[in-house]
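Visitor: Hi, I'd like a quick tour of this one. Can we look at it together?

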Amino acid sequence: MHHLSTVLHCEKRLDSTVLFEEVEEDPQKREGGKKKFEEQKKGFFRTPKTQTGAMAERVLVVGGGGREHALAWKLAQSPQIQQVLVAPGNAGTASCGKISNSEVSVSNHAILAQFCKDHHVGLVVVGPEVPLAAGMVDDLTAAGVPCFGPSAKAAQLEASKSFSKAFMERHGIPTARYGSFTDAKEACNYIRTADFPALVVKASGLAAGKGVIVAKDQDEACQAVMDIMKDKAFGAAGDTVVVEELLEGEEVSCLCFSDGSSVSPMPPAQDHKRLRDGDLGPNTGGMGAYCPTPQVSQEMLQQIRETVLQKTVDRMKEEGTPYVGVLYAGLMLTKDGPKTLEFNCRFGDPECQVLLPLLKSDLYEVILNTMNGKLASDAPVWHQDSSAVTVVMASPGYPGSYKKGVEITGLSQAQDTGLQVFHAGTALKEGGGVVSSGGRVLTVTAVSSSLEAALRLANRGVAAIGFPGAVYRRDIGHRAIAHLNQHRGLTYKDSGVDIAAGNKLVEMIKPLAKATSRTGCDADLGGFAGLFDLKAAGFVDPILVSGTDGVGTKLKIAQACGQHGGLGQDLVAMCVNDVLAQGAEPLFFLDYFSCGSLDVAVAASVVGGIAKACEAAGCALLGGETAEMPGVYAVGEYDLAGFCVGAVERGALLPRLGDIAEGDLLIGVASSGVHSNGFSLVRKVLEKAHLSYSSPAPFGNTGQTLGDVLLTPTKIYSRLLLPILRGGAVKAYAHVTGGGLLENIPRVLPQGLAVDLDASRWSIPPVFSWLHKEGALSEEEMARTFNCGLGAVLVVAPLDAQRVLRQLQAHEEAWIVGSLAHKLPGGEAVLVRNLSNSLLNAGSVARGEKGVEQENNGDTSTPRKRTRVAVLISGTGTNLQALIEQAKHPSSAAEIVVVISNRPGVQGLKRASLAGIQTRVVDHKLYGSRSEFDSTIDRVLEEFRVELVCLAGFMRILTGTFVKKWNGKLLNIHPSLLPSFKGVNAQKQALQARVRITGCTVHFVAEEVDAGAIIVQEAVPVLSGDTEESLCDRIREAEHRAFPAALELVAGGAVELGEDGHIAWKSQS
């Protein structure tokens, strides 16, 4: 039997997840499977299949509300789950990675059981109470389908209030005094004669969470009895009513997992039943919840565990009805201690939506442990330092009659802010979009370090969603916030300033700053000021040059996408590129990071990016300021500013205005895209186009989102340009920053000269073409706002132009883009010809794509397609850097489109990010088998349309299936002259063999280790005093030459792997 093999991607989950693995059924295993199936029927024993390398599980969630969306969302995060089906589901569960809806009937248990068998569903998780009370668990269990939840008899704790109250009374579980009645007159008489306020009237049966009336007096309580019993307000659920004592105190929800013997409590939560803020308005199914509740101390939670939760499970077991599933106790915290108001036999809605985001453990494993009686030895783990808030958005008119089919917009924008939007009453609209289909429509959930912060984030998410007339509360958690404010003294942290977090950040970034030390200073943070010794840096007669800048509203996009690391390069580039305009070498950098509430991880990501960029720019990160200013910035927002100081010898100062003359040529150096200017306009264009940052980019590489492309870091030009500027041929350099082409180039020119640019002579990135078209932006608006593909412009004499251009093109794309002309009185300072046509044909160049070589050859055709390359790494990526440098060369036949690492956070990923290359992490630890891991790698390669793969320090052995698929397209480098010294420790083997020459080999990868056809080899002599370390260093230098050379041979088509497994050289015409 064969199973479909495919891979799906679900946003804000794992980068990529294998959903199905094709397996061949083994007849011997079939008999073992039958035996295990019989075991499952008896005791629900199930081993997570991925642990044995076999296929992962398919799970069915029964229900269609926000609770079920949350259950499916959490289950889908398990690496042991291949697919989550939801029946009937909603728009949110219709199609999201592993999650999809099923149309199977859930009311006919026989049909459902057969469906589960036919579709290999290994577990059913029941969300709502009605199927539980109807015996779904019993029926599926009898049919051999594992099902999570209590039996129908155990579910009576919720299904029958009279049963529940009698059970609590029988076993001394603390609860309110009560009476149970089938006659309305007797109930009313009880209300009027009880010696306590008997004002709570409940329909005994299931009433969708709405069958409880809390009356303000006896008359209203009696009217509630009549409404329930005579007028059948809740149907048959009201044939019996329970009248209870009105308890005073805080109401909380305490849930636990129960395996029939042991309980494992969840963090306490609090629901908000009333419709409007301040607990006003009619009762509802729940308008929001938060977790945990500070009103419930650890001591009180232990008391609740012992006297309510564990006691209930123990007594149910004694009475012959073991309780397995989720047990929910609704409690009132009275002055006499916690008292039980009711039991539910499942997750609450909306409590589920705040509990599961705080569950650190794999929910699938928790369910298996619960069903297998293992809670006592393997209890779930919860996030301890976080709070969750969920806000329900309901239809106008709810809980009464309401309109359906109202269109809902802005869902992706809310998700972009890092929130989770769980759907409840939603449906997919024909032709696309989401519409309302119920009373409670959405639950917007936020998790943060404090309850107040989580509430602010959730309310911001609600505000981002377009749902006309939506009803929602803005004060979820107000009782907890009041409790916290009342019970603690104020500290500086209470005002919003966390000194400990600031100190932690400094300790985290100290080593990063230290790594930027250079001649002239020791970048060691912690003092009052930083020092720089100009004389030690080699300056004789220096002039200091300073520059300051920020990154503008590009910040907003980074914050919305949760991608902060690239902003550091943007900040450094904007300042460093500015001081270059004076010919100055950047010496040191200082940063300013300000926020409302310090998120150490975010700040460390930003400052870490600054440190790496300083290292790339050749300047020291000498100091900085982190300012936490509560009330100035909204939660999650921050601002950045940078300051760079450089120096230039007096005689080398730029621009040399006296030397600049009419007829001088302009050389443009390529930008990486929008860089860091014009983002307010970019965001406006996206708003007009109704696109979010998570939308697929209509430009750029396949698989990139708009956020990915727009956050491409600004290029740093210092290392590229400083040697050229010091050569003396460049008369002026302009950084194309805010003000675009029209305003920046004139800043370095004498008054009487004008700029004549020809946009057909350089390559314009497609992002500018899209902005021009989608925003209906004029040529002038484009040229005045954006760099349009030129990050820097150099002014040179015609005689020097070719030499300077060749120097630039050795490392970066560059073109002769125009010249200087006499400026007529009243004339334009900058003329940009052919801009409109060039924007329409962005990405290609009519002339000048190859610069000097192309003009000399007279070839003006479109440049040949470059081979799309992926590099697989595991660590520092030193060979990766050599490959990146090679691919930057304009004449290179290779384009590195993605770097994939099997380990997160390694240096190689940072190298790729700094070079503006997309990265992916496919952590091998998350996969149960090598084939699953390799399938995921393969899927990422397909996503980026990769044609050639380089292994650069990739420390995983690839499966034969993978190697066969990529035969002739997979390169590796080995530190010996193969076939000598294969395998590990090649340098050590060479020294032990006392050979005089070793080296490195680039070869095609074959199934046998280090046995593929050889492409390039470079010899390295073994010196008499060599150690393993010194030999490694010299071989590594050779690798940095050999690997790029081999890459060019294969990417350019000069070398290929023949059918006989040997190298085939393509003849050059």
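Predicted model: local features only at pLDDT ≥ 70, side-chain atom pairs only at ≥ 80, totals over all residues.

Visitor: Okay. Is cysteine 575 buried or exposed, then?

Guide: Cysteine 575 is buried, because its relative accessibility is 0%.

Visitor: How many disulfides are there?

Guide: Searching the whole structure gives zero disulfides. For cysteine 575, the nearest cysteine sulfur belongs to cysteine 644, 6.5 Å away. A disulfide needs the two sulfurs within 2.5 Å.

Visitor: And how far is the nearest cysteine sulfur from cysteine 950?

Guide: That distance is 14 Å, to cysteine 1000. Cysteine 950 is buried too, because its relative accessible area is 0%.

Visitor: New topic. Which residues have the most contacts inside the largest nonpolar core?

Guide: Phe589, Leu757 and Trp762. That core has 88 residues. Helix H19, residues 600-617, gives the most to it, with 11 residues. There is also a second, separate core of 42 residues, including Leu112 and Met136.

Visitor: Now the sheet of six strands. What is the strand order?

Guide: S32-S34-S31-S35-S33-S36, in an open sheet with mixed pairing.

Visitor: How do S32 and S34 pair?

Guide: They are antiparallel, over five bridges. Tyrosine 733 has leucine 794 in S34 as its bridge partner.

Visitor: Which helix packs on the sheet?

Guide: Helix H22, residues 718-726. It touches S31, S32 and S34, and its direction makes about 155° with that of S32.

How values were computed
Residues numbered from 1 in each chain as written. Heavy atoms only, no water. Buried < 20%, exposed > 50% of the residue type's maximum accessible area, 1.4 Å probe, protein only. Core = buried A, V, L, I, M, F, W, Y, C linked by side-chain atoms within 4.5 Å. Helix = DSSP H or I, 4+ residues; strand = E, 2+ residues; numbered from the N terminus. Pairing = 2+ DSSP bridges. Contact = heavy atoms within 4.5 Å. Axes fitted to C-alpha atoms, helices over the stretch in contact; angles between N-to-C directions.
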